[in-house]
Amino acid sequence: MDTNILFIFILAVFVGFEVISKVPSMLHTPLMSGTNAIHGIILFGGILVLADADSVLTQVLGFVAVIFGSANVFGGFMVTDRMLQMFKKKK
Amino acid sequence: MSSQIVPLIIIGVSVLFILGIKFLSSPKTARTGNLVAAAGMFIALCALLKTDGSSVWSHGWTFNYTLIVIGTVIGLIIGAIGAYSVKMTSMPQMVALFNGLGGGAAALVASLEFLKDAHGAEPVTAFITVPMLFATLIGSLSFSGSIIAYLKLEGKFEKPHTFPGQNILNGLIWLVILGLGGWLTFNATGGNAVTAFIAMFALALFFGIAMVMPIGGADMPVVISLLNSFTGLAVAADGFAIHNNAMIVAGTLVGSSGTLLTLLMCKAMNRPVTNVLFGAFGSSGGATAAASGIAGTVKPIQADEVALLLAYAQRVVIVPGYGMAVAQAQHSVRELSDELGKRGVEVQFAIHPVAGRMPGHMNVLLAEANVPYDQLIEMEAINPSMDRVDVCLVIGANDVVNPAAREDKASPIYGMPIIEADRCKTVIVMKRSMAAGFAGIENHLFYKDNTRMLFGDAKASLNALVAAVKAS
(Lines give C-alpha, C1' and ligand atoms only; values in the text may rest on other atoms or scores of the structure.)
Protein backbone atom coordinates (compact mmCIF):
# COMPACT_ATOMS: atom_id res chain seq x y z
CA MET A 1 0.00 0.00 0.00
CA ASP A 2 1.44 3.28 -1.11
CA THR A 3 1.01 5.84 1.66
CA ASN A 4 1.52 8.65 -0.84
CA ILE A 5 -2.01 7.98 -2.07
CA LEU A 6 -3.40 8.55 1.42
CA PHE A 7 -1.33 11.71 1.64
CA ILE A 8 -2.90 13.02 -1.57
CA PHE A 9 -6.35 12.07 -0.30
CA ILE A 10 -6.03 13.94 3.01
CA LEU A 11 -4.68 17.08 1.36
CA ALA A 12 -7.45 17.03 -1.24
CA VAL A 13 -10.06 16.84 1.52
CA PHE A 14 -8.80 20.08 3.02
CA VAL A 15 -8.33 21.83 -0.30
CA GLY A 16 -11.91 20.92 -1.23
CA PHE A 17 -13.21 22.49 1.96
CA GLU A 18 -11.03 25.55 1.58
CA VAL A 19 -11.76 26.48 -2.05
CA ILE A 20 -15.51 26.70 -1.67
CA SER A 21 -15.75 28.18 1.80
CA LYS A 22 -16.34 31.66 0.38
CA VAL A 23 -18.81 30.86 -2.39
CA PRO A 24 -21.81 33.24 -2.47
CA SER A 25 -25.10 31.35 -2.45
CA MET A 26 -25.95 32.79 -5.89
CA LEU A 27 -23.33 30.42 -7.31
CA HIS A 28 -24.33 27.30 -5.41
CA THR A 29 -26.27 25.81 -8.30
CA PRO A 30 -23.50 26.25 -10.90
CA LEU A 31 -20.98 25.06 -8.33
CA MET A 32 -22.94 21.91 -7.61
CA SER A 33 -23.28 21.33 -11.31
CA GLY A 34 -19.59 22.06 -11.95
CA THR A 35 -18.32 19.71 -9.25
CA ASN A 36 -20.83 17.17 -10.53
CA ALA A 37 -19.05 17.37 -13.89
CA ILE A 38 -15.65 16.91 -12.25
CA HIS A 39 -16.60 13.57 -10.73
CA GLY A 40 -17.41 12.55 -14.28
CA ILE A 41 -13.71 11.63 -14.29
CA ILE A 42 -15.17 8.21 -13.48
CA LEU A 43 -15.28 7.91 -17.27
CA PHE A 44 -11.55 7.10 -16.99
CA GLY A 45 -12.35 4.25 -14.63
CA GLY A 46 -14.86 2.96 -17.15
CA ILE A 47 -12.29 3.20 -19.96
CA LEU A 48 -9.69 1.32 -17.91
CA VAL A 49 -11.98 -1.56 -16.97
CA LEU A 50 -13.43 -1.82 -20.45
CA ALA A 51 -9.95 -1.84 -22.01
CA ASP A 52 -9.17 -4.95 -19.94
CA ALA A 53 -12.57 -6.60 -20.26
CA ASP A 54 -12.24 -10.30 -21.13
CA SER A 55 -15.81 -11.64 -21.12
CA VAL A 56 -19.12 -10.57 -22.60
CA LEU A 57 -20.44 -9.70 -19.13
CA THR A 58 -17.51 -7.44 -18.28
CA GLN A 59 -17.69 -5.87 -21.73
CA VAL A 60 -21.37 -5.09 -21.30
CA LEU A 61 -20.97 -3.68 -17.78
CA GLY A 62 -17.86 -1.73 -18.77
CA PHE A 63 -19.65 -0.37 -21.82
CA VAL A 64 -22.53 0.84 -19.64
CA ALA A 65 -20.04 2.41 -17.20
CA VAL A 66 -18.38 4.28 -20.09
CA ILE A 67 -21.74 5.59 -21.35
CA PHE A 68 -22.75 6.70 -17.85
CA GLY A 69 -19.40 8.34 -17.14
CA SER A 70 -19.28 10.04 -20.52
CA ALA A 71 -22.81 11.45 -20.11
CA ASN A 72 -21.83 12.68 -16.64
CA VAL A 73 -18.66 14.45 -17.71
CA PHE A 74 -19.78 15.96 -21.03
CA GLY A 75 -23.32 16.78 -19.93
CA GLY A 76 -22.05 18.20 -16.65
CA PHE A 77 -19.57 20.64 -18.18
CA MET A 78 -21.95 21.67 -20.95
CA VAL A 79 -24.90 22.35 -18.68
CA THR A 80 -22.71 24.32 -16.26
CA ASP A 81 -21.38 26.43 -19.11
CA ARG A 82 -24.89 27.03 -20.35
CA MET A 83 -25.87 28.33 -16.92
CA LEU A 84 -22.80 30.48 -16.40
CA GLN A 85 -22.83 32.19 -19.78
CA MET A 86 -26.04 33.89 -18.65
CA PHE A 87 -24.48 35.61 -15.65
CA LYS A 88 -23.89 39.16 -16.83
CA LYS A 89 -23.20 42.44 -15.12
CA LYS A 90 -25.34 45.52 -15.71
CA LYS A 91 -24.97 46.75 -19.28
CA MET B 1 4.48 8.65 -22.99
CA SER B 2 7.09 8.06 -20.35
CA SER B 3 5.81 7.05 -16.94
CA GLN B 4 7.92 9.79 -15.34
CA ILE B 5 6.16 12.60 -17.13
CA VAL B 6 2.64 11.39 -16.40
CA PRO B 7 2.72 12.01 -12.63
CA LEU B 8 3.84 15.58 -13.37
CA ILE B 9 0.97 16.00 -15.80
CA ILE B 10 -1.43 14.72 -13.14
CA ILE B 11 -0.11 17.32 -10.69
CA GLY B 12 -0.84 19.98 -13.28
CA VAL B 13 -4.30 18.53 -13.84
CA SER B 14 -4.99 18.62 -10.09
CA VAL B 15 -4.05 22.29 -10.04
CA LEU B 16 -6.47 22.91 -12.91
CA PHE B 17 -9.29 21.19 -11.00
CA ILE B 18 -8.59 23.23 -7.85
CA LEU B 19 -8.38 26.49 -9.82
CA GLY B 20 -11.56 25.55 -11.67
CA ILE B 21 -13.53 25.13 -8.45
CA LYS B 22 -11.89 28.28 -7.06
CA PHE B 23 -12.91 30.34 -10.12
CA LEU B 24 -16.44 28.96 -9.83
CA SER B 25 -16.82 30.87 -6.59
CA SER B 26 -16.99 34.33 -8.17
CA PRO B 27 -19.54 35.40 -10.79
CA LYS B 28 -16.84 37.16 -12.84
CA THR B 29 -14.62 34.11 -13.24
CA ALA B 30 -17.14 31.29 -12.90
CA ARG B 31 -17.43 30.48 -16.59
CA THR B 32 -13.66 30.40 -16.99
CA GLY B 33 -13.48 28.11 -13.96
CA ASN B 34 -15.76 25.57 -15.57
CA LEU B 35 -13.68 25.63 -18.76
CA VAL B 36 -10.43 25.30 -16.79
CA ALA B 37 -11.76 22.18 -15.07
CA ALA B 38 -12.92 20.78 -18.43
CA ALA B 39 -9.45 21.40 -19.88
CA GLY B 40 -7.93 19.53 -16.94
CA MET B 41 -10.23 16.64 -17.65
CA PHE B 42 -9.15 16.47 -21.30
CA ILE B 43 -5.45 16.56 -20.45
CA ALA B 44 -5.90 13.82 -17.84
CA LEU B 45 -7.68 11.69 -20.43
CA CYS B 46 -4.74 11.94 -22.82
CA ALA B 47 -2.35 10.91 -20.04
CA LEU B 48 -4.50 8.02 -18.80
CA LEU B 49 -2.42 5.17 -17.43
CA LYS B 50 -3.29 1.55 -16.83
CA THR B 51 -2.72 -0.04 -13.44
CA ASP B 52 0.65 -1.42 -14.58
CA GLY B 53 1.85 2.07 -15.49
CA SER B 54 1.58 1.87 -19.28
CA SER B 55 -0.52 4.37 -21.22
CA VAL B 56 -3.95 3.08 -21.99
CA TRP B 57 -3.61 4.45 -25.52
CA SER B 58 -0.31 2.73 -26.34
CA HIS B 59 -1.68 -0.82 -26.57
CA GLY B 60 -2.85 -2.42 -29.76
CA TRP B 61 -6.34 -1.51 -30.90
CA THR B 62 -8.84 -4.17 -29.86
CA PHE B 63 -12.61 -4.52 -30.02
CA ASN B 64 -12.71 -3.15 -26.46
CA TYR B 65 -11.30 0.16 -27.72
CA THR B 66 -14.00 0.34 -30.35
CA LEU B 67 -16.51 -0.16 -27.54
CA ILE B 68 -14.85 2.63 -25.55
CA VAL B 69 -15.18 5.06 -28.44
CA ILE B 70 -18.79 4.07 -29.16
CA GLY B 71 -19.74 4.28 -25.47
CA THR B 72 -18.09 7.68 -25.05
CA VAL B 73 -19.84 9.05 -28.12
CA ILE B 74 -23.22 7.72 -26.94
CA GLY B 75 -22.63 9.33 -23.54
CA LEU B 76 -21.57 12.57 -25.21
CA ILE B 77 -24.77 12.65 -27.25
CA ILE B 78 -26.97 11.86 -24.22
CA GLY B 79 -25.14 14.49 -22.17
CA ALA B 80 -25.34 17.15 -24.87
CA ILE B 81 -29.03 16.58 -25.52
CA GLY B 82 -29.74 16.75 -21.79
CA ALA B 83 -27.56 19.81 -21.24
CA TYR B 84 -28.91 21.89 -24.09
CA SER B 85 -32.57 20.88 -24.01
CA VAL B 86 -33.22 21.14 -20.27
CA LYS B 87 -35.28 24.12 -19.15
CA MET B 88 -33.57 26.28 -16.56
CA THR B 89 -36.42 25.57 -14.14
CA SER B 90 -35.57 21.86 -14.34
CA MET B 91 -31.87 22.34 -13.63
CA PRO B 92 -31.91 20.52 -10.25
CA GLN B 93 -33.39 17.43 -11.92
CA MET B 94 -30.67 17.50 -14.58
CA VAL B 95 -27.91 17.68 -11.98
CA ALA B 96 -29.55 14.80 -10.12
CA LEU B 97 -29.60 12.67 -13.28
CA PHE B 98 -25.98 13.37 -14.24
CA ASN B 99 -24.97 12.66 -10.66
CA GLY B 100 -26.86 9.38 -10.67
CA LEU B 101 -25.09 8.32 -13.88
CA GLY B 102 -21.72 9.14 -12.31
CA GLY B 103 -22.62 7.14 -9.22
CA GLY B 104 -23.75 4.19 -11.34
CA ALA B 105 -20.53 4.29 -13.33
CA ALA B 106 -18.48 4.38 -10.11
CA ALA B 107 -20.33 1.34 -8.76
CA LEU B 108 -19.89 -0.58 -12.03
CA VAL B 109 -16.17 0.15 -12.25
CA ALA B 110 -15.63 -1.01 -8.66
CA SER B 111 -17.77 -4.11 -9.24
CA LEU B 112 -15.82 -5.12 -12.31
CA GLU B 113 -12.53 -4.73 -10.48
CA PHE B 114 -13.88 -6.68 -7.53
CA LEU B 115 -15.21 -9.52 -9.66
CA LYS B 116 -11.93 -9.73 -11.56
CA ASP B 117 -10.03 -10.10 -8.30
CA ALA B 118 -12.63 -12.52 -6.88
CA HIS B 119 -12.07 -14.87 -9.80
CA GLY B 120 -8.30 -14.53 -9.61
CA ALA B 121 -6.06 -16.97 -7.80
CA GLU B 122 -4.10 -14.49 -5.70
CA PRO B 123 -5.43 -13.30 -2.35
CA VAL B 124 -6.38 -9.62 -2.34
CA THR B 125 -5.39 -7.24 0.43
CA ALA B 126 -7.93 -5.21 2.36
CA PHE B 127 -6.26 -2.01 1.12
CA ILE B 128 -7.65 -2.77 -2.32
CA THR B 129 -10.87 -4.51 -1.30
CA VAL B 130 -12.16 -1.85 1.08
CA PRO B 131 -12.06 1.02 -1.47
CA MET B 132 -13.78 -1.23 -4.03
CA LEU B 133 -16.54 -2.18 -1.60
CA PHE B 134 -16.90 1.45 -0.54
CA ALA B 135 -17.17 2.65 -4.15
CA THR B 136 -19.73 -0.05 -4.98
CA LEU B 137 -21.83 0.76 -1.95
CA ILE B 138 -21.77 4.56 -2.16
CA GLY B 139 -21.91 4.64 -5.96
CA SER B 140 -24.96 2.41 -6.20
CA LEU B 141 -26.91 4.17 -3.47
CA SER B 142 -26.05 7.49 -5.11
CA PHE B 143 -27.37 6.07 -8.39
CA SER B 144 -30.74 4.89 -7.07
CA GLY B 145 -31.10 7.83 -4.65
CA SER B 146 -30.48 10.35 -7.43
CA ILE B 147 -33.12 8.75 -9.62
CA ILE B 148 -35.68 8.98 -6.80
CA ALA B 149 -34.64 12.61 -6.24
CA TYR B 150 -35.10 13.24 -9.97
CA LEU B 151 -38.58 11.68 -9.94
CA LYS B 152 -39.58 13.65 -6.84
CA LEU B 153 -38.54 16.93 -8.46
CA GLU B 154 -40.50 15.95 -11.56
CA GLY B 155 -43.55 15.81 -9.27
CA LYS B 156 -43.82 12.02 -8.94
CA PHE B 157 -44.53 11.04 -5.31
CA GLU B 158 -43.01 14.28 -4.07
CA LYS B 159 -44.67 13.94 -0.65
CA PRO B 160 -42.60 12.22 2.01
CA HIS B 161 -43.36 8.51 2.21
CA THR B 162 -43.09 7.27 5.76
CA PHE B 163 -44.27 4.37 7.87
CA PRO B 164 -43.68 3.50 11.52
CA GLY B 165 -40.30 1.99 12.20
CA GLN B 166 -38.88 3.19 8.90
CA ASN B 167 -35.68 4.56 10.36
CA ILE B 168 -35.22 1.28 12.23
CA LEU B 169 -35.73 -0.77 9.07
CA ASN B 170 -33.29 1.43 7.16
CA GLY B 171 -30.83 1.07 10.02
CA LEU B 172 -31.15 -2.72 9.83
CA ILE B 173 -30.59 -2.75 6.07
CA TRP B 174 -27.54 -0.59 6.61
CA LEU B 175 -26.21 -3.01 9.25
CA VAL B 176 -26.68 -5.96 6.89
CA ILE B 177 -24.82 -4.05 4.18
CA LEU B 178 -21.97 -3.24 6.55
CA GLY B 179 -21.91 -6.87 7.74
CA LEU B 180 -21.63 -8.14 4.16
CA GLY B 181 -18.95 -5.55 3.45
CA GLY B 182 -17.01 -6.56 6.57
CA TRP B 183 -17.18 -10.24 5.67
CA LEU B 184 -16.15 -9.52 2.07
CA THR B 185 -13.14 -7.55 3.26
CA PHE B 186 -11.59 -10.76 4.54
CA ASN B 187 -13.14 -13.22 2.07
CA ALA B 188 -12.74 -11.41 -1.21
CA THR B 189 -12.20 -14.43 -3.46
CA GLY B 190 -14.30 -17.40 -4.53
CA GLY B 191 -17.93 -18.11 -5.40
CA ASN B 192 -19.36 -17.12 -2.02
CA ALA B 193 -17.69 -13.75 -2.30
CA VAL B 194 -19.40 -13.13 -5.65
CA THR B 195 -22.83 -14.03 -4.19
CA ALA B 196 -22.31 -11.84 -1.12
CA PHE B 197 -21.07 -9.04 -3.34
CA ILE B 198 -24.15 -9.14 -5.56
CA ALA B 199 -26.37 -9.16 -2.47
CA MET B 200 -24.55 -6.11 -1.13
CA PHE B 201 -24.88 -4.30 -4.46
CA ALA B 202 -28.63 -4.97 -4.57
CA LEU B 203 -29.17 -3.93 -0.96
CA ALA B 204 -27.22 -0.70 -1.54
CA LEU B 205 -29.42 0.10 -4.54
CA PHE B 206 -32.48 -0.52 -2.40
CA PHE B 207 -31.05 1.53 0.44
CA GLY B 208 -30.63 4.53 -1.87
CA ILE B 209 -34.37 4.36 -2.62
CA ALA B 210 -35.34 3.79 1.01
CA MET B 211 -33.16 6.70 2.12
CA VAL B 212 -34.64 9.30 -0.27
CA MET B 213 -38.31 8.19 -0.32
CA PRO B 214 -39.17 9.60 3.13
CA ILE B 215 -37.71 13.02 2.31
CA GLY B 216 -40.04 15.73 0.97
CA GLY B 217 -39.58 17.33 -2.45
CA ALA B 218 -38.58 20.64 -0.85
CA ASP B 219 -35.46 19.06 0.60
CA MET B 220 -34.29 17.41 -2.63
CA PRO B 221 -31.57 20.04 -3.27
CA VAL B 222 -29.87 19.06 -0.04
CA VAL B 223 -30.21 15.39 -0.96
CA ILE B 224 -28.77 15.98 -4.44
CA SER B 225 -25.86 17.95 -3.01
CA LEU B 226 -25.18 15.16 -0.52
CA LEU B 227 -25.39 12.45 -3.19
CA ASN B 228 -23.11 14.58 -5.37
CA SER B 229 -20.46 14.47 -2.68
CA PHE B 230 -21.11 10.73 -2.22
CA THR B 231 -20.42 10.13 -5.89
CA GLY B 232 -17.23 12.15 -5.54
CA LEU B 233 -16.08 9.92 -2.70
CA ALA B 234 -17.02 6.78 -4.63
CA VAL B 235 -14.92 8.01 -7.56
CA ALA B 236 -12.01 8.70 -5.20
CA ALA B 237 -12.33 5.18 -3.80
CA ASP B 238 -12.27 3.81 -7.35
CA GLY B 239 -9.09 5.82 -7.84
CA PHE B 240 -7.57 4.02 -4.85
CA ALA B 241 -8.59 0.64 -6.21
CA ILE B 242 -7.18 1.17 -9.69
CA HIS B 243 -4.24 3.43 -8.71
CA ASN B 244 -5.36 6.53 -10.55
CA ASN B 245 -4.26 9.69 -8.76
CA ALA B 246 -6.29 12.01 -10.97
CA MET B 247 -9.46 10.18 -9.94
CA ILE B 248 -8.46 10.33 -6.27
CA VAL B 249 -7.86 14.09 -6.41
CA ALA B 250 -10.94 14.94 -8.47
CA GLY B 251 -13.23 12.64 -6.49
CA THR B 252 -11.99 13.85 -3.12
CA LEU B 253 -12.28 17.51 -4.11
CA VAL B 254 -15.90 16.93 -5.09
CA GLY B 255 -16.53 14.86 -1.97
CA SER B 256 -15.25 17.44 0.47
CA SER B 257 -16.52 20.56 -1.30
CA GLY B 258 -19.88 18.82 -1.79
CA THR B 259 -20.09 18.01 1.91
CA LEU B 260 -19.40 21.62 2.81
CA LEU B 261 -21.96 22.82 0.23
CA THR B 262 -24.55 20.47 1.76
CA LEU B 263 -23.89 21.90 5.22
CA LEU B 264 -24.09 25.48 3.87
CA MET B 265 -27.49 24.69 2.34
CA CYS B 266 -28.79 23.23 5.59
CA LYS B 267 -27.49 26.28 7.40
CA ALA B 268 -29.42 28.52 5.00
CA MET B 269 -32.58 26.63 5.98
CA ASN B 270 -31.55 26.64 9.63
CA ARG B 271 -31.92 22.89 9.92
CA PRO B 272 -29.34 20.31 10.93
CA VAL B 273 -28.53 17.87 8.14
CA THR B 274 -29.74 14.95 10.28
CA ASN B 275 -33.18 16.57 10.44
CA VAL B 276 -33.32 16.77 6.64
CA LEU B 277 -32.32 13.15 6.17
CA PHE B 278 -34.31 11.50 8.95
CA GLY B 279 -36.89 14.11 9.95
CA ALA B 280 -39.60 13.48 7.30
CA PHE B 281 -40.29 17.22 7.24
CA GLY B 282 -43.85 18.51 6.89
CA SER B 283 -45.50 15.13 7.12
CA SER B 284 -47.11 15.39 10.54
CA GLY B 285 -49.50 17.70 12.38
CA GLY B 286 -47.25 20.77 12.29
CA ALA B 287 -49.11 22.40 9.40
CA THR B 288 -52.56 22.27 10.99
CA ALA B 289 -51.23 23.58 14.30
CA ALA B 290 -49.74 26.59 12.54
CA ALA B 291 -52.92 27.38 10.61
CA SER B 292 -55.09 27.79 13.68
CA GLY B 293 -53.20 30.78 15.10
CA ILE B 294 -53.85 33.17 12.19
CA ALA B 295 -55.83 36.36 12.73
CA GLY B 296 -56.94 38.83 10.05
CA THR B 297 -58.41 38.56 6.59
CA VAL B 298 -57.02 38.31 3.10
CA LYS B 299 -57.35 41.58 1.16
CA PRO B 300 -57.31 41.30 -2.64
CA ILE B 301 -56.12 44.11 -4.92
CA GLN B 302 -56.35 44.84 -8.67
CA ALA B 303 -53.45 45.18 -11.06
CA ASP B 304 -53.97 48.89 -11.93
CA GLU B 305 -53.89 49.83 -8.24
CA VAL B 306 -50.64 47.93 -7.82
CA ALA B 307 -49.23 49.69 -10.88
CA LEU B 308 -49.92 53.09 -9.29
CA LEU B 309 -48.27 52.06 -6.04
CA LEU B 310 -45.21 50.85 -7.95
CA ALA B 311 -44.95 53.80 -10.30
CA TYR B 312 -44.91 56.35 -7.48
CA ALA B 313 -42.70 54.40 -5.12
CA GLN B 314 -39.08 55.32 -4.45
CA ARG B 315 -37.81 51.89 -3.66
CA VAL B 316 -39.29 48.58 -4.76
CA VAL B 317 -38.04 45.15 -3.77
CA ILE B 318 -39.09 42.08 -5.74
CA VAL B 319 -39.03 38.70 -3.97
CA PRO B 320 -39.09 36.04 -6.69
CA GLY B 321 -39.97 32.42 -5.94
CA TYR B 322 -40.22 29.18 -7.80
CA GLY B 323 -43.86 29.99 -8.68
CA MET B 324 -42.54 32.83 -10.86
CA ALA B 325 -40.33 30.40 -12.75
CA VAL B 326 -43.10 27.85 -13.18
CA ALA B 327 -45.25 30.56 -14.78
CA GLN B 328 -42.24 31.39 -17.04
CA ALA B 329 -42.64 34.97 -15.85
CA GLN B 330 -38.93 35.88 -15.54
CA HIS B 331 -38.93 37.99 -18.70
CA SER B 332 -42.08 39.86 -17.66
CA VAL B 333 -40.48 40.56 -14.28
CA ARG B 334 -37.43 41.99 -15.98
CA GLU B 335 -39.63 44.13 -18.21
CA LEU B 336 -41.45 45.49 -15.16
CA SER B 337 -38.17 46.17 -13.41
CA ASP B 338 -36.79 48.00 -16.49
CA GLU B 339 -39.96 50.02 -16.84
CA LEU B 340 -39.85 51.11 -13.19
CA GLY B 341 -36.12 51.82 -13.51
CA LYS B 342 -36.87 54.21 -16.39
CA ARG B 343 -39.19 56.13 -14.09
CA GLY B 344 -36.46 56.52 -11.49
CA VAL B 345 -37.74 53.86 -9.10
CA GLU B 346 -34.97 51.93 -7.39
CA VAL B 347 -35.66 48.23 -8.04
CA GLN B 348 -33.87 45.38 -6.34
CA PHE B 349 -34.40 41.65 -6.21
CA ALA B 350 -34.21 39.98 -2.80
CA ILE B 351 -32.89 36.46 -3.17
CA HIS B 352 -33.38 33.94 -0.42
CA PRO B 353 -30.55 31.39 -0.20
CA VAL B 354 -32.97 28.58 -1.03
CA ALA B 355 -35.20 30.49 -3.48
CA GLY B 356 -36.19 28.31 -6.39
CA ARG B 357 -35.45 24.67 -5.94
CA MET B 358 -31.86 24.87 -4.87
CA PRO B 359 -29.50 27.56 -3.62
CA GLY B 360 -28.58 29.86 -6.45
CA HIS B 361 -31.29 28.46 -8.72
CA MET B 362 -33.17 31.79 -8.73
CA ASN B 363 -30.02 33.63 -9.80
CA VAL B 364 -29.72 31.32 -12.78
CA LEU B 365 -33.38 31.82 -13.70
CA LEU B 366 -33.11 35.63 -13.49
CA ALA B 367 -29.81 35.62 -15.33
CA GLU B 368 -31.57 33.76 -18.13
CA ALA B 369 -34.00 36.70 -18.33
CA ASN B 370 -31.04 39.16 -18.53
CA VAL B 371 -31.45 40.62 -15.05
CA PRO B 372 -27.96 41.91 -14.21
CA TYR B 373 -26.54 40.05 -11.22
CA ASP B 374 -25.61 43.22 -9.32
CA GLN B 375 -29.33 43.95 -8.99
CA LEU B 376 -29.79 40.71 -7.05
CA ILE B 377 -29.31 41.22 -3.33
CA GLU B 378 -28.83 38.37 -0.89
CA MET B 379 -31.16 38.02 2.07
CA GLU B 380 -28.74 39.12 4.82
CA ALA B 381 -27.79 42.21 2.82
CA ILE B 382 -31.32 43.41 2.17
CA ASN B 383 -33.13 42.57 5.41
CA PRO B 384 -31.73 45.48 7.50
CA SER B 385 -33.19 48.04 5.08
CA MET B 386 -36.60 46.44 4.51
CA ASP B 387 -38.29 49.14 6.67
CA ARG B 388 -37.42 51.70 4.02
CA VAL B 389 -38.96 49.77 1.14
CA ASP B 390 -42.17 51.30 -0.22
CA VAL B 391 -43.50 48.30 -2.09
CA CYS B 392 -42.41 44.70 -1.78
CA LEU B 393 -43.60 42.53 -4.65
CA VAL B 394 -43.67 38.84 -3.72
CA ILE B 395 -43.97 36.80 -6.91
CA GLY B 396 -44.65 33.10 -6.49
CA ALA B 397 -42.63 32.92 -3.28
CA ASN B 398 -44.18 31.60 -0.12
CA ASP B 399 -42.24 29.87 2.62
CA VAL B 400 -39.22 32.18 2.31
CA VAL B 401 -41.31 35.22 3.32
CA ASN B 402 -43.45 33.49 5.97
CA PRO B 403 -43.16 35.43 9.25
CA ALA B 404 -44.19 32.24 11.07
CA ALA B 405 -40.50 31.39 10.87
CA ARG B 406 -39.95 34.28 13.27
CA GLU B 407 -43.16 34.32 15.31
CA ASP B 408 -44.71 30.88 15.60
CA LYS B 409 -42.73 28.41 17.67
CA ALA B 410 -45.10 25.59 16.65
CA SER B 411 -44.37 26.06 12.95
CA PRO B 412 -42.11 23.46 11.32
CA ILE B 413 -40.15 26.28 9.68
CA TYR B 414 -39.66 28.18 12.96
CA GLY B 415 -36.12 29.56 13.05
CA MET B 416 -35.53 29.47 9.28
CA PRO B 417 -34.11 32.81 8.13
CA ILE B 418 -36.61 34.62 5.92
CA ILE B 419 -36.77 37.74 3.77
CA GLU B 420 -38.65 40.10 6.07
CA ALA B 421 -41.17 41.29 3.49
CA ASP B 422 -43.75 42.01 6.20
CA ARG B 423 -41.68 44.98 7.40
CA CYS B 424 -42.08 46.89 4.13
CA LYS B 425 -44.66 49.67 3.91
CA THR B 426 -46.83 47.73 1.48
CA VAL B 427 -46.54 44.09 0.49
CA ILE B 428 -48.11 42.83 -2.71
CA VAL B 429 -48.30 39.05 -2.92
CA MET B 430 -48.83 37.69 -6.42
CA LYS B 431 -50.26 34.23 -6.20
CA ARG B 432 -52.38 31.87 -8.23
CA SER B 433 -54.59 30.82 -5.30
CA MET B 434 -54.48 30.49 -1.54
CA ALA B 435 -52.80 27.07 -1.67
CA ALA B 436 -49.96 26.43 0.78
CA GLY B 437 -46.31 26.48 -0.32
CA PHE B 438 -43.92 23.65 -1.10
CA ALA B 439 -43.44 22.95 2.61
CA GLY B 440 -47.24 22.71 3.10
CA ILE B 441 -47.46 25.47 5.71
CA GLU B 442 -49.97 28.35 6.02
CA ASN B 443 -48.42 31.76 5.44
CA HIS B 444 -49.09 34.43 8.09
CA LEU B 445 -47.90 37.16 5.73
CA PHE B 446 -51.07 36.92 3.62
CA TYR B 447 -53.20 38.03 6.57
CA LYS B 448 -51.13 41.06 7.67
CA ASP B 449 -52.66 44.58 7.57
CA ASN B 450 -50.11 45.91 5.09
CA THR B 451 -50.47 42.96 2.70
CA ARG B 452 -52.59 42.92 -0.46
CA MET B 453 -53.10 39.84 -2.62
CA LEU B 454 -52.98 40.03 -6.41
CA PHE B 455 -54.50 36.74 -7.53
CA GLY B 456 -53.93 35.20 -10.94
CA ASP B 457 -51.30 33.70 -13.20
CA ALA B 458 -48.00 35.45 -12.43
CA LYS B 459 -47.15 36.09 -16.07
CA ALA B 460 -50.56 37.51 -16.97
CA SER B 461 -50.58 39.72 -13.85
CA LEU B 462 -47.07 40.99 -14.58
CA ASN B 463 -47.94 41.82 -18.17
CA ALA B 464 -50.97 43.74 -16.91
CA LEU B 465 -48.70 45.58 -14.46
CA VAL B 466 -46.19 46.47 -17.17
CA ALA B 467 -48.96 47.87 -19.38
CA ALA B 468 -50.49 49.82 -16.49
CA VAL B 469 -47.15 51.27 -15.37
CA LYS B 470 -46.40 52.35 -18.94
CA ALA B 471 -49.80 54.08 -19.12
CA SER B 472 -49.54 55.88 -15.79
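User: How many helices and how many strands does chain B have?

Analyst: This is a predicted model, and its chain B has C-alpha atoms that fill a box of roughly 80 × 50 × 35 Å along the principal axes. Of the 472 residues in chain B, 53% are buried. As for the elements, chain B has 18 helices and six strands.

User: Which elements does chain A have, and in what order do they run from the N terminus on?

Analyst: Chain A holds four helices and zero strands. Read from the N terminus on, its elements therefore give the run α-α-α-α.

User: What percentage of the residues of chain A count as buried?

Analyst: A residue is buried if 20 or more other C-beta atoms lie within 10 Å of its own. Among the 91 residues of chain A, the share that counts as buried is 63%.

User: Where the two chains touch, which helix of chain A gives the most residues?

Analyst: The contact takes 74 residues from chain A and 94 residues from chain B. On the side of chain A that touches chain B, at least two residues each come from helix H1 (3–20), helix H2 (28–38), helix H3 (42–51) and helix H4 (56–84). The helix that gives the most, with 26 residues, is H4(A).

User: How do the residues of the side of chain A that touches chain B divide into nonpolar, polar and charged?

Analyst: This question concerns the residues that chain A brings to its contact with chain B, 74 in number. They divide into 45 nonpolar, 23 polar and six charged.

User: Is H4(A) largely enclosed or largely open, and what distance separates its end C-alpha atoms?

Analyst: Because 21 of its 29 residues are buried, H4(A) is largely enclosed by the rest of the structure. At 1.5 Å a residue, its 29 residues should span 42 Å, and this agrees with the distance between its end C-alpha atoms, which is 42 Å.

User: Which residues of chain A are in contact with B:Leu67, leaving aside its neighbours within four places in sequence?

Analyst: B:Leu67 is found in helix H3 (residues 63–85) of chain B. It has 19 C-beta neighbours inside 10 Å, so B:Leu67 counts as partly exposed. Leaving aside its neighbours within four places in sequence, B:Leu67 is in contact with A:Leu50, A:Gln59 and A:Phe63.

User: Is B:Gly360 buried or exposed, and which residues is it in contact with beyond its neighbours within four places in sequence?

Analyst: B:Gly360 lies in the loop between S2 and helix H15 (361–368) of chain B. Because it has 27 C-beta neighbours inside 10 Å, B:Gly360 counts as buried. Leaving aside its neighbours within four places in sequence, B:Gly360 is in contact with A:Ser25, A:Met26, A:Leu27, A:His28, A:Thr29 and A:Pro30.

User: Which residue in S4(B) stands opposite B:Ile318?

Analyst: Strand S1 (residues 315–320) of chain B is mostly covered, with five of its six residues buried. S1(B) pairs in the parallel sense with strand S2 (residues 346–351) over four bridges, and there B:Val316 stands opposite B:Val347. Five bridges also join S1(B) to strand S4 (residues 391–395), and these two run parallel. In S4(B), the residue opposite B:Ile318 is B:Leu393.

User: What distance separates the centres of domain 1 and domain 2 of chain B?

Analyst: The domain assignment of chain B gives domain 1 (87–284) and domain 2 (290–471). Taken over C-alpha atoms, the centres of domain 1 and domain 2 of chain B are separated by 37 Å.

User: Which elements give two or more residues to the side of domain 1 of chain B that touches domain 2 of chain B?

Analyst: The contact takes 14 residues from domain 1 of chain B and 18 residues from domain 2 of chain B. On the side of domain 1 that touches domain 2, the residues divide into 10 nonpolar, four polar and no charged. The elements that give two or more residues to this side are helix H4 (91–119) and helix H9 (245–268) of chain B.

Notes:
Residues numbered from 1 in each chain as written. Chains lettered and ligands numbered in written order. Predicted model: local features only at pLDDT ≥ 70, side-chain atom pairs only at ≥ 80, totals over all residues. Buried ≥ 20, exposed ≤ 12 C-beta atoms within 10 Å, placed from the backbone. Contact = placed C-beta atoms within 7 Å. Nonpolar A, V, L, I, M, F, W, Y, C, P; charged D, E, K, R; others polar. Pairing = 2+ DSSP bridges. Domains from an automatic or database assignment. Expected span 1.5 Å × (residues − 1).
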